[in-house]
Amino acid sequence: MARARTDERSELDLVAILCLAPSLLYVICMFVYPFLYGVYASLQPVKGPAWSLKNYISFFTDAYQYKTIVTTFELALPNSIAVVLLGLFFAYNMRRGIWAERTITTILVLPISLGVVFLSEGILGFYGTNGWLNQMLLGAGLIHEPLELTHNFIGVILSLFMQNFPFCFLMLLGYISGIDPSLESSARMLGAGPWTIFRRVMLPLIAPGLVIAFALVFVMSFAVFPSAVMVGQPAGSTRSISIAAYQQAFEQYDMSYASAIAVIMGLCQLLALIVIVLVRKRMTIATTMGVGKR
Amino acid sequence: MTRGRTWQLVIYVFLLGFIVNLAGIVSHVVVSSFAKRWFGKPLPPAFTTDWFTYAWTNFELGQVLLITLFIALAVVFIALVIGFPAAYILARRNFRVKPILMLLYFLPLLIPQMTYGIPLATTLYKFGVGGTVPGVILAVLVPMVPLAVFILLPFFEQISLNLEWSAQMLGATRMQIFRRVLLPLMVPGILTAGLLVLVNTISNFELAFLMAGGGSQTLVVALYYNVFAGGVRPVYSIDAMAVIYMVMVMSVLLVALRFVRPTQMVFRLDQPRR
């Protein structure tokens, strides 16, 4: 569709190159170059010989450092699974529109736009030991001791969920409501029940969007930083890998080691993406077999 | 039919719960910023606006706001100026390296800012711009230029190529086509891109934080440092600062929502085949 409207000339003339040049140069100088420089810097430790893996070796031999990978996974994985499953459930059931949809979606944009720093400050107050939630639960007699919901693992999960759920939900809602409703009607006409429609017709169509959504949410929450510091326990149970990288860069002033940790963080995210893509490949085969010829 | 009703009810209850929690989080900050003292009661016993004046003088908010606005407007301007021509070419032309180019523009949006922010900070400090206002602008632009490109792109695709051809046939030069045909038709696109880049820049934390020095903290970074230093300043004054930040973001957001649907404000996934 979009193809038809574009110019048939496929050559890149001078005008096209001049138009693309500024932004392309920007991305190359400020994104690609720093990335490569980061890899280079990580191999040039502050002390010791040039070109050595010293930074990587010290990361993986120091339990205080390499455990951050486990900690980050423990935060990112449950959060991503919960966010995507709930996002799918709600987006799927709202695919034909619901009452006050515009208002609801507008409210959901708020946490995304306000950003995690503001949310974390609010979470500290609202879920804190003296916060409204604990007061309410105590007042209702449901609990006798205030719940510890901030400055620990739960606080970070709450903050990540508040940030990621609206994002994932709106993304999936946009995606699912773009699916042709006549497919569903045909399935219903052929006698399929709601569950069969979901399992056999809609899920295979949603799967690609679902995988992208999961990948985005996972990668985003794997880089968790401000909430892990503000509502978490940055020295203990929520010391994520970005905190480790930040501390090396701005507390120890060892940019080389910090770059190494950033590279490791990037590789973990890449690894997760590859796994997700592989799972998606298997999923497609399975569903195609189920549906038969499409 | 009753099962359908139950599902609907479950959905509303959950969404309502989420929204109530969200409203609680936001209004706790607002109430706290107006509280004289507040401890363990549903509402503070007395209200005051003193914390706003306190925050304004003690956090040098006038200065911080000026810097934030300057950075935000500079980012919007530069992102639009260099994103506009790129979006035009990507919408209109087909060439062999286009998918690679699109991926390159997409990466800064896909990869978390914390991951590339640290190497970027290393590089910018090496060139001596780290910790300065230009350094923050340069860093925040990294995801904002692609964002502007991807928002402008579909707007260009909606403008029929026939209009450009007609103008050309009637003897318009490239510059005239740009000034008289494209620019007026692109006003909604430019507004949308500008507003979304603006709101994202004001609320951008990671890159602004990694690049900020003493005199180049944006509002959200200053807010983070004050929450982080918890206990040094009264929590009410920090909440007052947070309210000022919130008002700033929400006012841009309210204008932005006149132009875009909320679902468009997150990533645009490719639509499934129709």
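Helices here are DSSP runs of H or I with at least four residues, strands are runs of E with at least two, and both are numbered from the N terminus. With that in hand, chain A reads α-α-α-α-α-α-α-α-α-α-α-α-α along its sequence, with 13 helices and 0 strands. Please keep in mind that this is a predicted model, in which local features need pLDDT of at least 70, side-chain atom pairs count only at pLDDT 80 or more, and totals for chains, interfaces and linings use all residues. Residues are numbered from 1 along each chain as its sequence is written, while chains are lettered from A and ligands numbered from 1 in the order in which they are written.

Let's start with chain A as a whole. Its C-alpha atoms fill a box of roughly 70 × 70 × 40 Å along the principal axes. Two residues are in contact if their C-beta atoms, placed from the backbone, lie within 7 Å. Among contacts in chain A between residues at least 6 apart in sequence, 72% join residues at least 24 apart.

How far can you trust the details? The predictor's confidence in each residue is its pLDDT, from 0 to 100, and chain A averages 86, with 92% of the residues scoring at least 70. Where pLDDT is low, the predicted coordinates should not be read in detail.

Two loop residues of chain A deserve a look. W51(A) is not a glycine, yet has a positive phi of about 55 degrees; it sits in the loop between helix 2 and helix 3 (54–61) of chain A. W51(A) counts as exposed because it has 10 C-beta neighbours inside 10 Å. H151(A), also not a glycine, has a positive phi of about 60 degrees and lies in the loop between helix 7 (132–139) and helix 8 (153–176) of chain A. With 20 C-beta neighbours inside 10 Å, H151(A) counts as buried.

Now turn to chain B, which has 12 helices and 0 strands. Of its 274 residues, 45% count as buried, and its C-alpha trace spans about 75 × 65 × 35 Å along its principal axes.

Where the chains meet, the contact takes 80 residues from chain A and 69 from chain B. Helix 1 of chain B gives the largest share of the chain B side, 11 residues. That side divides into 52 nonpolar, 12 polar and 5 charged residues; Ala, Val, Leu, Ile, Met, Phe, Trp, Tyr, Cys and Pro count as nonpolar, Asp, Glu, Lys and Arg as charged, and the others, Gly among them, as polar.

Terms used. A residue is buried if 20 or more other C-beta atoms lie within 10 Å of its own, exposed if 12 or fewer, and partly exposed in between; C-beta atoms are placed from the backbone.
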